[in-house]
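Dear colleague,

I am handing over the structure below and would be grateful if you could look through it alongside the notes that follow.

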Amino acid sequence: MKLTLGRSLLVLLVGAALVGGGVWYSRDKAAQEPEQRYKFQEIAVGEVVQSVSANGTLNPLILVNVGTQVSGTVRKLYVDFNDKVEQGQPLLELDQSLLEAQARASAANVANISASLDLAKANEARMKALLEKEYVSRQEYDQALQTLRSAQAQLAQAKAAADKDRVNLNYTVITSPVSGVVVARLVDLGQTVAASFQTPTLIQIARDLSKMAIDTSFAEADIGNIREGQKVRFTVDAFPNRNFQGEVKQIRLNPTNQQNVVTYNVRVSVDNPEQVLLPGMTAYTNIAVAKRSDVLLVPNAALRFKPVGAREKSAERAASPPGAGGVPLGPPPAGGGRKKKDGAGATVYVLDNGDLKPVAIQLGITDNRNTEVTGGELKAGAKVAVGDANGVAKPSGSVGMRLF
């Protein structure tokens, strides 16, 4: 009885093992199928726009730094931040005590020399009359004439010094050179400003905040695609859901080199009729440099993806010498004047009758998500692998293009 029970139990265990193995084998086989193992995306026809981007700073189109030509202590302030000013309007006033005293001294000096000139004129007239009667010598008359001319020169010099002191006195009242808005006030009441070596900036005035400019820095790899007059789209942190537009106004030829990274300043003009854009805001600019319509588009994820077996073969080909293993020799194809990614080759994997089939393609421009297909056997509607079914894509460095 016990032997029969043991045999029955053994049969049941063997049967369960066979059933479990069959189930496991079926699931494993199904998991190995490309439809179950990988994620696919259908190739479509559409539009792609390649763009370059950079960060910049919004500045007034015309920003005037108002300084002073004389030193002194700020005695009066007539304007403050955000005040609107007109051309010629007083902005601030410096202490005039010393300059007023100097102006009075210069005026007194002019009066003193003017009196000396009157005496020199009278002496010259007297000596001329005596010379006609031969009561004095010619030399004595010449000396009187020289004294007169010297007094005239001294008077002119004194008047010039007095004019200078009067102008400096007028400089103690700082007026606005343009009409605009006060952006910054860099001095306070009672502060002493010195104009000995360079003119200090006291107040900054934006001439017109309805016209702004963005100063951006683009890499030298992108500057060749930028032209004056191109449209620019940008956003600012203050209005993240709003797009603004501008236009490339100037590409400055002076490069900036920081740690062997060369950039060029591109100035973008911006209309700001609502004056919601403020000076100093960070602008994230985007310039469309190329556009293709009705072209075949492949997802960039498909260009990065490689099955495990394909990655091993790619590594073997990379280790082979030039010309071996199917790696072609010779010059690059025509059109080498375009950017490196334009016309580059890549391989994608297409679902064909339940199997993955590698397809070689030629690439054009890209927009961060999709890339233009310019050549190859890829057709619209084909399904290309873009990653594993669990969402993990297989990265590969064999794609011959730079993805933005």
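A residue is called buried here if its relative accessible area is under 20%, exposed if over 50%, and partly exposed in between, with a 1.4 Å probe and protein chains only. This is a predicted model, in which local features need pLDDT of at least 70 and side-chain atom pairs count only at pLDDT 80 or more, while totals for chains, interfaces and linings use all residues. Residues are numbered from 1 along each chain as its sequence is written, and side-chain values use heavy atoms, with hydrogens and water left out.

Tyr38 and Phe305 form an edge-to-face pair, because their ring centres are 5.4 Å apart and their planes lie at 70°. This pair joins distant parts of the chain, since Tyr38 is in strand 1 (residues 38-42) and Phe305 in the loop between helix 6 (300-304) and helix 7 (308-319), 267 residues apart. Both Tyr38 and Phe305 are buried.

Phe234 and Phe244 are stacked, at 5.5 Å centre to centre and 20° between the planes, and both are buried. Ring pairs also link Phe234, Phe239 and Phe244 into a cluster.

Best regards

Conventions:
Rings of Phe, Tyr and Trp (its six-membered ring) pair if their centres lie within 6.5 Å; planes under 30 degrees apart count as stacked, over 60 as edge-to-face and the rest as tilted. Helices (H or I, at least four residues) and strands (E, at least two) are DSSP runs, numbered from the N terminus.
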